[in-house]
Structures are given as C-alpha cells and as structure tokens.
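Work through the exercises below with the sequence and the model in view. Each task is followed by its solution in steps.

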Amino acid sequence: NYGSVDGSKCDRTDGWKRIVADWDDPTAGDVGCRVHQDVNGYACETTKSLEFDLAEGRQAYCLCVEGSVSIADVDGSTKTLDRHDAAELYGPLKLTFTPQGDTPVHCLMYEMAASGQSGRRDAE
C-alpha cells in the first residue's frame with residue numbers, strides 16, 4: 001500500500017512541493033507518498049518564476065496542468081508549455097519556470113534516473 005495524504009494549496013503555492021519520494025531516500029522528510037522506485041514527484045501552483053535543477057544522469061517529465069509556462073535553461077533555450085502540454089527533460093539542466101499571462105500555472109513534475117532509452121528528448 002502506497003498510502004495517501006491530503007495536501008493543501010499553500011503547500012504547493014510559489015514553490016515545488018515534493019509529493020512522491022523513494023521509500024529508501026533519507027532526505028525525503030515528510031513526503032505523503034513513498035514508493036519503491038527511484039523517483040521524485042513535485043507539484044507547484046504559482047504566479048512567480050521558480051527554479052528546478054535536474055542533475056546529470058536524471059530525467060524528468062513535466063506536465064502543465066493549468067495555465068501556460070515558459071521553461072528556460074541557462075544556455076538560453078526556451079520551451080513553452082500550455083495547458084495539458086508535457087515535456088521530457090534530461091539533466092544536467094538548471095531550469096527556470098516562468099508563468100505566462102495573468103493566471104497561475106499549475107505543474108506536475110516526475111524526476112527519475114535517466115534510462116537512456118526514452119523517447120522524445122524535448123530538452124537535454
């Protein structure tokens with residue numbers, strides 16, 4: 001049983017809230033859902049720019065649930081995700097997520113070990 005937790009909007013407002021973690025990760029702290037996989041899940045709802053560091057050897061899948069967000073890397077490359085768009089990302093990346101327009105953006109991100117066998121490679 002993986003369990004569940006009732007989160008609050010303030011937990012994910014203007015920051016990445018860790019919502020899923022590896023059962024064996026000692027740095028996970030008070031994460032509501034732990035799984036027996038090398039994966040971390042995050043949620044955010046924001047009107048401010050947020051940063052996310054994706055380490056070497058890691059990959060992530062990002063889903064824009066609501067709103068529109070621009071994702072920029074320090075090398076200057078930028079992708080924009082609108083509602084229900086997703087991206088596959090490969091580290092190392094230092095990303096800045098910037099909401100577009102007047103409405104908050106709501107994103108989900110799942111980060112895991114890069115397998116080297118995945119498909120799209122939207123950013124690397």
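Helices (H or I, at least four residues) and strands (E, at least two) are DSSP runs, numbered from the N terminus. The model is predicted: local features need pLDDT of at least 70, side-chain atom pairs count only at pLDDT 80 or more, and totals for chains, interfaces and linings use all residues. Residues are numbered from 1 along each chain as its sequence is written, and side-chain values use heavy atoms, with hydrogens and water left out.

**Exercise 1.** State how many helices and strands the protein chain has, and in which pattern they follow.

Step 1. The protein chain contains one helix and 10 strands.
Step 2. Along the sequence the pattern reads α-β-β-β-β-β-β-β-β-β-β.
Step 3. Contact means heavy atoms within 4.5 Å. Taking contacts between residues at least 6 apart in sequence, 69% join residues at least 24 apart.

**Exercise 2.** Find the order of the strands in the six-stranded open sheet, and name its edges.

Step 1. Two strands pair if DSSP finds at least two bridges between them.
Step 2. The order is S2-S1-S3-S10-S5-S8, with mixed pairing.
Step 3. S2 and S8 are the edge strands, each pairing on one side only.
Step 4. On average, neighbouring strands of this sheet are turned by 20° against each other, direction ignored. For such angles, axes are lines fitted to C-alpha atoms, for helices over the stretch in contact, and angles run from 0 to 180 degrees between N-to-C directions.
Step 5. S5 and S10 run antiparallel and are joined by eight bridges; here cysteine 64 stands opposite cysteine 107 in S10.
Step 6. S5 and S8 are also antiparallel, with five bridges, and alanine 60 stands opposite leucine 89 in S8.
Step 7. S1 and S3 pair in the antiparallel sense over three bridges; the bridge partner of lysine 17 in S3 is alanine 43.

**Exercise 3.** Describe the largest nonpolar core and name the residues that touch the most other members.

Step 1. Buried means under 20% relative accessible area, exposed over 50%, partly exposed in between (1.4 Å probe, protein chains only). Of the 124 residues of the protein chain, 41% count as buried.
Step 2. A nonpolar core is a set of buried Ala, Val, Leu, Ile, Met, Phe, Trp, Tyr and Cys residues joined through side-chain atoms within 4.5 Å.
Step 3. The largest core has 20 residues, and Trp16, Val69, Leu89, Phe97 and Met109 touch the most other members.
Step 4. Among the strands that each supply at least two residues of this core are S3 (39-46), S5 (58-66) and S10 (105-113).
Step 5. Apart from this core lies another of five residues, including Val20, Cys33, Val35 and Met112.

**Exercise 4.** Determine how many disulfides the structure holds, and examine cysteine 62.

Step 1. A disulfide is a pair of cysteine sulfur atoms within 2.5 Å.
Step 2. The structure holds zero disulfides.
Step 3. Cysteine 62 is in none; the nearest cysteine sulfur, that of cysteine 107, is 4.5 Å away.
Step 4. Cysteine 62 is buried, at a relative accessible area of 1%.

**Exercise 5.** Describe the surroundings of aspartate 25. Is aspartate 25 buried or exposed?

Step 1. Aspartate 25 lies in the loop between strand S1 (17-22) and strand S2 (33-35).
Step 2. Aspartate 25 counts as buried, because its relative accessibility is 18%.
Step 3. Leaving out residues up to four places away in sequence, aspartate 25 touches Arg18, Arg34 and Asn40.
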